[in-house]
Amino acid sequence: MFRLDEGIKFQMKKNDILTVGELLIDMISEEYDEDINSNLFHKYFGGSPANIAMNTKKLGIQSLLASAVGDDGFGKFLLNHLRKEDIDSSNIQVMDQSTSMVVVTKSKATPIPIFYRGADYQLAYTSQLEQVLLHSKIVHFSSWPISMKPARNTIEKIIQTAKNNGILICFDPNYHSMLWQKDEDGVAYIKSIIRDVDIIKPSEDDAERLFGKDTPENQIEKFLKLGAKLVIMTLGKDGVLVSNGKETMRSQTLAKEVVDTTGAGDAFWSGFYSAVVKGYTIKEAVQLGSAVSAFKLKYTGAVVELPSLEKIKELFEL
């Protein structure tokens with residue numbers, strides 16, 4: 001059990017976190033407009049696992065990303081961005097398909113994305129990927145790679161290898177029906193793999209897509225019954241609710257200014273991961289995750305120039 005007032009003990013590994021999944025282009029509108037009527041969009045580095053790899057590096061821990069991009073201009077843009085930020089790009093597979101893209105209208109609430117998928121779901125399980133995994137303390141993935149094969153097969157192999165080798169398995173259950181084939185029950189598949197997950201962080205919207213409307217407390221109980229060991233539910237302006245099945249805590253939001261919510265959940269994950277790797281308790285790590293998310297909310301785009309975790313702690317007086 002993950003006790004909230006204790007830290008997480010890790011094996012000695014040269015890499016702290018391996019994030020696996022989508023590396024893609026975020027096309028974000030210039031204007032706030034819920035109906036995609038904006039005529040001006042800007043391209044940003046995107047993809048939830050990619051965002052987390054970038055953020056955790058800035059916050060002061062070692063991160064690696066495994067993903068797939070197209071052999072095109074957008075793919076080159078993403079690879080160049082990784083290299084500029086001193087992120088190892090040797091685990092990015094280049095495919096003969098277009099780089100995946102998400103179009104998002106800038107929003108102060110939860111943004112509604114439109115998906116254009118190509119290379120991201122072609123990610124293959126290779127001997128190189130397995131070696132990177134074995135040398136990592138944490139593996140993180142989202143619902144993107146499990147929504148289509150062959151990437152789903154890759155994630156299933158990653159989960160099994162991680163379980164066999166004591167690697168912390170963390171899952172972002174950001175289900176979107178548009179990502180799945182029409183004849184597949186994505187909700188049922190996601191529910192089936194939660195038993196293999198150590199830590200899961202749904203938002204209220206994620207939980208509603210999986211279970212329907214309910215209270216946050218009831219939603220957390222559903223994740224726990226499916227086998228998750230620790231559930232961290234982000235509640236937007238209402239903060240964060242956390243439970244291990246025996247203990248429950250609520251943490252208030254630290255956000256004072258909201259410019260763009262894109263990537264706020266990734267920022268939370270990043271702060272949380274950086275904190276637990278650095279030896280903070282789960283309770284402290286949740287507060288630091290909230291602080292990193294609050295810092296990000298003041299800027300447009302999923303990845304911003306984060307200071308170190310220690311500076312974040314100082315800024316938010318934690």
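1. Let's start with Ser251, which sits in strand S13 (residues 248-251); strands here are DSSP E runs of at least two residues, helices are H or I runs of at least four, and both are numbered from the N terminus. This is a predicted model, where local features need pLDDT of at least 70, side-chain atom pairs count only at pLDDT 80 or more, and totals for chains, interfaces and linings use all residues. Residues are numbered from 1 along each chain as its sequence is written, and side-chain values use heavy atoms, with hydrogens and water left out.

2. Ser251 is buried, at a relative accessible area of 6% (buried means under 20%, with a 1.4 Å probe and protein chains only). Setting aside neighbours within four places in sequence, Ser251 is in contact (heavy atoms within 4.5 Å) with Asp238, Gly239, Val240, Val286, Gln287 and Ser290.

3. What do the buried residues of H5 pack against? They meet strands S1 (15-20), S8 (136-142) and S9 (168-172), plus helices H3 (127-134), H4 (143-146) and H6 (186-193). Among these buried residues are Arg152, Ile155 and Ile159.

4. As for the H3 contact, Leu129, Glu130, Leu133 and Leu134 in H3 meet Thr154, Ile158, Thr161 and Ala162 in H5.

5. Just after H5, Gly166 takes a positive phi of about 65 degrees.

Definitions and conventions
Buried means under 20% relative accessible area, exposed over 50%, partly exposed in between (1.4 Å probe, protein chains only).
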